[in-house]
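Trainee: Hi! I'm new to this one, could you walk me through it?
Mentor: Happy to, let's open it up together.

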Amino acid sequence: MIQTLTTTDALAAFCARAMQAPYVTVDTEFLRERTYFAQLCLVQLALPGTDDADAVLVDPLAEGLSLEPLWELMRAPGVVKVFHAARQDLEIFHVDGGVVPRPLFDTQVAAMVCGFGDQVGYETLVRKIARAPLDKSSRFTDWSRRPLSDAQKTYALADVTHLRQIYEHLAKQLERTGRTAWLEEELAALTDASSYVVDPSEAWKRLKIRTNSGKTLAIAQELAAFRERYAQDKNVPRSRVIKDDALLELASTKPRSLNDLGKSRLLLRDARKGDIADGLIAAVQRGLDMPADKHPKALEGRDRSNLNSALADLLRVLLKAKAEEAGVAAKLIASSSDLDDIACGDHQGLWATGWRREVFGEDALRLLRGEVALSAEGERVRIVPV
């Protein structure tokens with residue numbers, strides 16, 4: 001029988017039990033299509049064990065339910081909070097509860113460190129570690145609708161019950177291989193609260209702007225900042241305020257009045273009047289009034305005119321060999337872009353720090369200095385001192 005907690009007292013009682021456990025597995029179901037901030041619709045929790053009382057659903061939409069006991073559990077320093085692909089869940093917890101769960105264990109990241117591949121899915125880990133099937137028939141569902149069906153509840157709870165076995169397996173493998181510290185390095189960014197704060201003044205950097213005009217960039221910056229603030233305040237998707245292509249059109253045409261705004265080809269009807277229209281015109285004016293020395297600079301891609309493609313290919317071979325040798329996902333060590341940067345002479349990347357330097361970085365630098373060469377030995381690649 002699946003338990004669904006709908007009262008603060010019931011949630012507090014479960015969280016009190018969880019406070020005594022070494023870990024709790026956590027997942028969420030949410031909607032984001034119609035809002036700026038994700039709407040939390042369901043929280044799944046499981047404690048070590050197999051008893052029915054060890055795994056529950058929490059209904060955040062239940063009238064009168066306070067999630068404060070959950071937030072206290074997420075803050076508890078003695079309980080490891082286990083997620084799979086935690087970023088979106090952590091963002092919701094930070095926005096709704098002002099908390100970033102710590103200590104944290106992300107099984108997707110841990111699986112990459114343990115050699116299960118790049119961004120391995122939960123279903124894959126359930127199959128490989130828990131040796132169990134996973135019903136994904138309720139994957140695409142409206143989690144805000146009540147009542148939830150038994151199939152929905154079963155689907156949701158499976159996201160935390162199998163997670164217990166996956167966590168215990170990966171934690172033991174990390175300890176056995178001495179890589180627990182590697183995982184902690186990776187999780188540092190996930191538990192940084194600033195990662196979940198969107199600064200409206202920086203929103204323009206997500207736009208695909210194809211101009212170096214300081215004035216146009218200034219207007220685009222102000223328009224994007226207005227859109228971000230408006231979307232946050234009204235809790236609506238950015239695209240409901242103004243789409244990217246329309247924003248870039250206004251940055252180019254620089255409308256100063258409602259009449260000018262009405263000439264836009266791409267602007268949504270609701271953005272041609274009222275608060276949005278007034279905000280857009282005001283944003284354009286702020287961009288026009290911005291002093292030239294305050295204009296944002298175009299975001300430049302890295303100069304790769306001196307890219308040595310042969311060297312980049314050698315680095316790719318080295319990375320693949322070292323990743324296979326270490327049993328770590330290659331993309332976790334360095335991206336294809338990182339390798340191109342290295343071949344262009346940039347030796348300051350993440351790949352050259354921490355455990356990545358130990359696994360790959362030192363040998364990459366030796367290869368660049370001509371101290372080693374690569375040799376084939378059967379199906380393996382060997383590093384040969386020069």
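Mentor: Let's begin with the largest pocket: strand 2 gives the most to its lining, with six residues. Keep in mind that this is a predicted model.

Trainee: Okay! Which other elements supply at least two residues of that lining?

Mentor: Besides strand 2 (23-31), they are helix 3, helix 5 (122-130) and helix 6 (150-177).

Trainee: And what is the volume of the largest pocket?

Mentor: About 670 Å³. The lining has 26 residues, and D27, T28, E29, Y155 and D159 are the ones nearest the centre of the pocket.

Trainee: How do the lining residues of the largest pocket divide by class?

Mentor: Eleven are nonpolar, six are polar and nine are charged.

Trainee: Switching topic: how many cavities of 30 Å³ or more does the structure hold?

Mentor: One. The volume of the largest cavity is about 50 Å³.

Trainee: Which residues line the largest cavity?

Mentor: They are R32, F37, A38, E91, I92, V95 and D96. Four residues of this lining are nonpolar and three are charged, with no polar ones.

Trainee: Is the crossing of helix 2 and helix 3 left-handed or right-handed?

Mentor: Helix 2 passes helix 3 in a left-handed crossing. On the helix 2 side, the contact is made by L70, W71, M74 and R75, while helix 3 brings in F93, D96 and G97. Four residues of that contact are nonpolar, one is polar and two are charged.

Trainee: Why do you quote both an angle and a distance?

Mentor: Because two packed helices are described by the angle between their axes and the distance between the axes.

Trainee: Got it. What are those values for helix 8 and helix 10?

Mentor: Helix 8 (residues 214-234) packs with helix 10 (residues 244-253) at an angle of about 140°, and the axes are 8 Å apart. That angle makes helix 8 oblique to helix 10. Here the crossing is right-handed.

Trainee: Which residues make the contact between helix 8 and helix 10?

Mentor: Helix 8 uses T216, I219, A220, L223, A224 and R227, and helix 10 uses D244, L247, L250, A251 and S252. By class, seven of the contact residues are nonpolar, two are polar and two are charged.

Trainee: And what about helix 7 and helix 16?

Mentor: Helix 7 (residues 180-190) and helix 16 (residues 354-368) pack at about 120°, with axes 8 Å apart. Helix 7 is thus oblique to helix 16. Their contact involves W182, E185 and E186 of helix 7, together with G354, W355, R356, E358 and V359 of helix 16. This contact has three nonpolar, one polar and four charged residues.

Trainee: Last topic, the backbone. Where are there cis peptide bonds?

Mentor: One joins R102 and P103, with omega about -10°. P103 lies in the loop between helix 3 and strand 6 (104-106). Another runs from R146 to P147, with omega near 0°. P147 is in the loop between helix 5 and helix 6.

Trainee: What is phi of R131?

Mentor: Near 55°, which is a positive value in a residue other than glycine. R131 is also in the loop between helix 5 and helix 6.

Trainee: Why point those out?

Mentor: Because most residues other than glycine have a negative phi, and most peptide bonds are trans.

Technical notes
Residues are numbered from 1 along each chain as its sequence is written. This is a predicted model: local features need pLDDT of at least 70, side-chain atom pairs count only at pLDDT 80 or more; totals for chains, interfaces and linings use all residues. Side-chain values use heavy atoms; hydrogens and water are left out. A crossing is left-handed if the near helix is turned anticlockwise from the far one by less than a right angle, and right-handed if clockwise. Helices (H or I, at least four residues) and strands (E, at least two) are DSSP runs, numbered from the N terminus. Contact means heavy atoms within 4.5 Å. Ala, Val, Leu, Ile, Met, Phe, Trp, Tyr, Cys and Pro count as nonpolar, Asp, Glu, Lys and Arg as charged, and the others, Gly among them, as polar. On a 1 Å grid over the protein atoms alone, a cavity is a set of points where a 1.4 Å probe fits but cannot get out, and a pocket is an open set with protein on both sides within 12 Å along at least five of seven lines; lining residues have an atom within 4 Å of a point. Grid points are joined across faces, edges and corners, and a volume is the space filled by probe spheres set on the points. Axes are lines fitted to C-alpha atoms, for helices over the stretch in contact, and angles run from 0 to 180 degrees between N-to-C directions. Angles under 35 degrees count as roughly parallel, over 145 as roughly antiparallel, 65 to 115 as roughly perpendicular and the rest as oblique.
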